[in-house]
Amino acid sequence: MEPAGVTERLLNKTVLITGATGFIAKLLVEKILRLQPQVKRLYLLVRAGDQVSAQKRVESEIQQLQIFESFREKYQAHFSSWFWSKVYPVAGDVSVKTLGIGNAVLAEDMVKETNIVIHMAATLNFRERYDTALAINTMGVKHVMEFASRCAKLELVLLASTAIVNLGKGIMLEKPLHQYRSYDGLSDLDISEEMAFAEAKLKELVCSNASEDTIRRTMKKIGVQRARKFGWANAYAFTKAMGEMLAYEHRSRLPVVIIRPTATISTWKEPFPGWIEGVNTIDIWVTNYGKGLMKFLVGDITSAIDIVPADIVVNAMLCIVSCHPQGSSDMIYHIGSSTRNPFKIHELIHVMCRYFSEKPYTNGKGDVVMVKPPNVQAAMASFYELMDIHYKVPLQDMLLHGLSTAIDHNRYKQLKREYNLTVTVAETYWPMALFKGRFDDSNMQRLIMMMDEKDRELIPCDTKFINWEKYLMETHIPGVMEYESRAAARARL
């Protein structure tokens with residue numbers, strides 16, 4: 001049986017989207033409303049104290065965004081009434097049972113009406129507190145699955161995960177993760193034991209009258225330790241992996257599928273090129289290099305840096321919603337570029353150098369920042385040696401000889417800032433920057449082949465056709481630097 005087209009699939013459907021104020025989720029809301037204005041309802045679950053606060057969040061963080069400008073032009077004075085006839089904000093919290101929905105009548109309506117659940121709520125911080133990451137990224141999945149199991153008209157549950165839950169060597173297959181198996185196979189992993197461990201550690205800290213800062217730093221450190229113990233790079237990847245494990249355990253009872261995007265960057269084409277919120281993934285390198293704050297990087301320049309534009313991720317999600325076969329044993333879909341259209345780290349470095357040579361950054365003082373090619377190290381050991389030579393020793397010498405003038409103080413602060421930033425970024429991202437594998441996307445490609453020509457135009461999700469240098473030079477980096485400029489202006493207010 002041929003799958004229904006994406007517009008037909010969404011006609012008169014009710015969709016629940018968690019984490020609705022996230023970057024990708026906002027684009028998903030926009031794309032669904034643009035593709036199918038006759039979608040019945042979008043329930044948008046957001047963290048808020050009550051329904052009034054939830055509506056204010058959706059209004060200020062979604063409805064008023066530039067990405068909805070085409071709707072304002074189309075509906076004119078009726079835009080607001082049309083928008084709220086389709087979008088229903090829901091105050092809730094995925095870390096709480098029943099999704100924290102306090103309005104019992106509303107919760108019951110959602111259970112009766114919802115056809116599709118798209119779970120996107122997550123904490124994306126690689127160095128998140130372990131207890132917080134577990135509550136949102138792991139238990140959040142459990143609570144969403146429990147809610148979905150009550151939905152009378154449920155057709156699909158789509159869980160947004162991340163490709164870095166599977167960061168080994170060679171070709172990373174679209175295969176599920178199983179509870180009780182650590183990633184490296186060296187130890188047993190029991191999620192309930194991890195929950196109990198985090199709770200016990202937190203209780204121990206509270207009972208010892210530790211300060212909030214000590215609790216925060218300790219729980220972050222524990223997150224890294226537990227992740228490394230079981231073979232994952234960081235607390236984010238580890239807790240997302242455990243969330244996948246819980247979703248997998250529901251596969252026989254619920255129509256569950258999982259999408260694993262790679263490093264997501266700005267929009268390629270829709271709703272317009274270069275739209276982005278936040279600075280993450282490769283943009284940590286791009287922005288700080290351009291500002292002259294990062295002269296040393298850790299990465300294997302011969303490896304592919306797997307990136308994917310945000311609108312391609314949204315389109316892939318809608319492709320899954322439209323085409324995933326009922327009863328299929330496939331439940332994992334990678335969306336990325338390292339297999340279809342690999343872009344090497346040395347190519348990224350070249351683009352960064354070229355862009356900021358042609359369009360140097362001007363700082364808040366009006367100074368033009370001129371940059372040189374960064375020093376890229378292929379191992380943490382050699383990176384730390386350079387940090388000693390270029391930062392630690394000079395900083396120690398400056399303190400030894402005294403900071404007698406304002407110029408000395410400013411130079412010390414600048415060097416210290418560069419050192420802290422460079423080391424933090426290297427220690428956070430080295431597992432990805434030194435990753436030598438690629439992500440298989442065979443399942444995703446099979447779905448793309450199932451789409452008709454119309455849907456391939458409506459929801460293009462093949463990275464093969466992206467000219468990376470052109471896109472980065474003309475669209476992505478300008479968009480990121482514009483976002484940084486706006487953020488800096490807001491900070492000065």
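Predicted model: local features only at pLDDT ≥ 70, side-chain atom pairs only at ≥ 80, totals over all residues.
Local features need pLDDT of at least 70 and side-chain atom pairs count only at pLDDT 80 or more, while totals for chains, interfaces and linings use all residues. Residues are numbered from 1 along each chain as its sequence is written, and side-chain values use heavy atoms, with hydrogens and water left out.

Start with the sheet. Seven strands make an open sheet, ordered E3-E2-E1-E4-E5-E7-E11, with parallel pairing. Strands (E, at least two residues) and helices (H or I, at least four) are DSSP runs, numbered from the N terminus. Two strands pair if DSSP finds at least two bridges between them. Strand E3 (87–91) and strand E11 (332–335) each have a single partner strand, so one side of each has no neighbour in the sheet. On average, neighbouring strands are turned by 20° against each other, direction ignored.

Strand E7 (residues 256–261) pairs with E11 in the parallel sense over four bridges. Here Arg260 stands opposite His334 of E11. Helix H3 (residues 51–63) packs on the sheet, where H3 touches strand E2 (41–46) and E3. Contact means heavy atoms within 4.5 Å. The direction of H3 makes about 125° with that of E3. Axes are lines fitted to C-alpha atoms, for helices over the stretch in contact, and angles run from 0 to 180 degrees between N-to-C directions.

Next comes a helix pair. Helix H12 (residues 310–323) packs against helix H16 (residues 442–450) at about 70°, with the axes 10 Å apart. That makes the two roughly perpendicular, a term for angles of 65 to 115 degrees. From H12, Ala316, Cys319, Ile320 and Cys323 make the contact; from H16, Met444, Leu447, Ile448 and Met450 do. By class, this contact has eight nonpolar, no polar and no charged residues. Nonpolar covers Ala, Val, Leu, Ile, Met, Phe, Trp, Tyr, Cys and Pro; charged covers Asp, Glu, Lys and Arg; the others, Gly among them, are polar.

UniProt, in an unreviewed entry, places "domain: Fatty acyl-CoA reductase C-terminal" at residues 412–483. Such annotations may be inferred rather than shown by experiment. The span is 74% helix and 3% strand, and its end C-alpha atoms lie 29 Å apart.

Finally, check the backbone. Most residues other than glycine have a negative phi, and most peptide bonds are trans. The bond from Glu270 to Pro271 is cis, with omega near -5°. Pro271 sits in the loop between strand E8 (263–265) and helix H11 (282–290). Asn209 has a positive phi, near 60°. Asn209 lies in the loop between helix H8 (191–207) and helix H9 (212–229).

Key:
Parallel < 35°, antiparallel > 145°, perpendicular 65-115°, else oblique.
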